[in-house]
Amino acid sequence: MPLNDCRIIELPRINDPRGNLTFIEGENHIPFDIKRVYYLYDVPGGSDRGAHAHKELHQFVIAMSGSFDIVLDDGDRQRRFHLNRSYYGLYICPMMWRTLDNFSSGAVCTVLASRPYEESDYIRDHGEFLSLAKKKK
Ligand code: TYD
């Protein structure tokens, strides 16, 4: 899938003086059914995460607290996204090499995923990713 399919999606916001509320329904606000949720937290300053791609997995990434950057690479082009609010997130389609960096202190990165954890869905070797991405074009 092309890099342009990966995009920031704004979520519904119920603003309230008692505190704001945001919600996400799979296949409504994001383009897949949610099978798994995981989160990164206590990330030490200067740490990088990710550095892999997924063959089939769709993901939606939210900065629930603090901020960080996500760099997406389709094997051809790169785009850097800065996430710093809990009412929007980044949709990542399959076959995107991603790196997460620039974590602020206290950042919480929540990821909604379309499939359960499957190590066989990962591409962890960048060379292998580039040759698979080229074949798909
Ligand atoms: P990984 O996806 O490589 O981390 P990141 O992309 O955030 O740098 O996962 C790190 C480790 O955690 C790896 O050994 C697999 C394990 N893991 C699970 O067991 N279940 C999960 O849902 C996830 C996301 C990771």
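Which residues are linked in a network of salt bridges? D69, R80 and D101 are. A salt bridge here is a side-chain nitrogen of Lys or Arg within 4 Å of a carboxyl oxygen of Asp or Glu.

This is a predicted model, in which local features need pLDDT of at least 70, side-chain atom pairs count only at pLDDT 80 or more, and totals for chains, interfaces and linings use all residues. Residues are numbered from 1 along each chain as its sequence is written, and side-chain values use heavy atoms, with hydrogens and water left out.

## Salt bridges

The whole structure holds five salt bridges. Three of the pairs are set out here, including one from the network.

| Pair | Closest N and O atoms |
|---|---|
| R18 and D16 | 2.8 Å |
| E119 and R124 | 2.7 Å |
| R80 and D69 | 2.8 Å |

The R80 and D69 pair links distant parts of the chain. R80 sits in strand β8 (residues 78–83), while D69 sits in strand β7 (residues 68–73). The two are 11 residues apart. Strands (E, at least two residues) and helices (H or I, at least four) are DSSP runs, numbered from the N terminus.

How covered are these side chains? D69 is buried, because its relative accessibility is 6%. R18 is exposed, with a relative accessible area of 77%.

## Strand β6

Strand β6 covers residues 59–65 and is mostly covered. Five of its seven residues are buried. β6 pairs with two strands, where pairing requires that DSSP finds at least two bridges between them.

One partner is strand β9 (residues 88–92). Four bridges join β6 to β9, and the two run antiparallel. Within this pairing, I62 has G89 of β9 as its bridge partner.

The other partner is strand β11 (residues 108–113). Here six bridges are found, again in the antiparallel sense. F60 has L112 of β11 as its bridge partner.

Is Q59 buried or exposed? Q59 is buried, because its relative accessibility is 1%. Q59 and V37 are 22 residues apart in sequence, and their C-alpha atoms are 9.5 Å apart in space.

I62 also belongs to β6. I62 counts as buried because its relative accessible area is 1%. I62 and E10 are 52 residues apart in sequence, yet 10 Å apart in space, C-alpha to C-alpha.

## A positive patch

R77, R79, K134 and K137 form a positive surface patch. Patches are made of residues with over 30% relative accessible area and no salt bridge; like charges are joined within 9 Å, and nonpolar side chains (Val, Leu, Ile, Met, Phe, Trp, Tyr) within 5 Å. Lys and Arg count as positive and Asp and Glu as negative, while His and the chain ends are not counted.

K134 lies in helix α1 (residues 126–136). K134 is exposed because its relative accessible area is 66%.

Note on methods:
Areas by Shrake-Rupley, 256 points an atom, 1.4 Å probe, with all protein chains shown as cover. Charge placed at Lys NZ, Arg CZ, Asp CG, Glu CD. Buried < 20%, exposed > 50% of the residue type's maximum accessible area, 1.4 Å probe, protein only.
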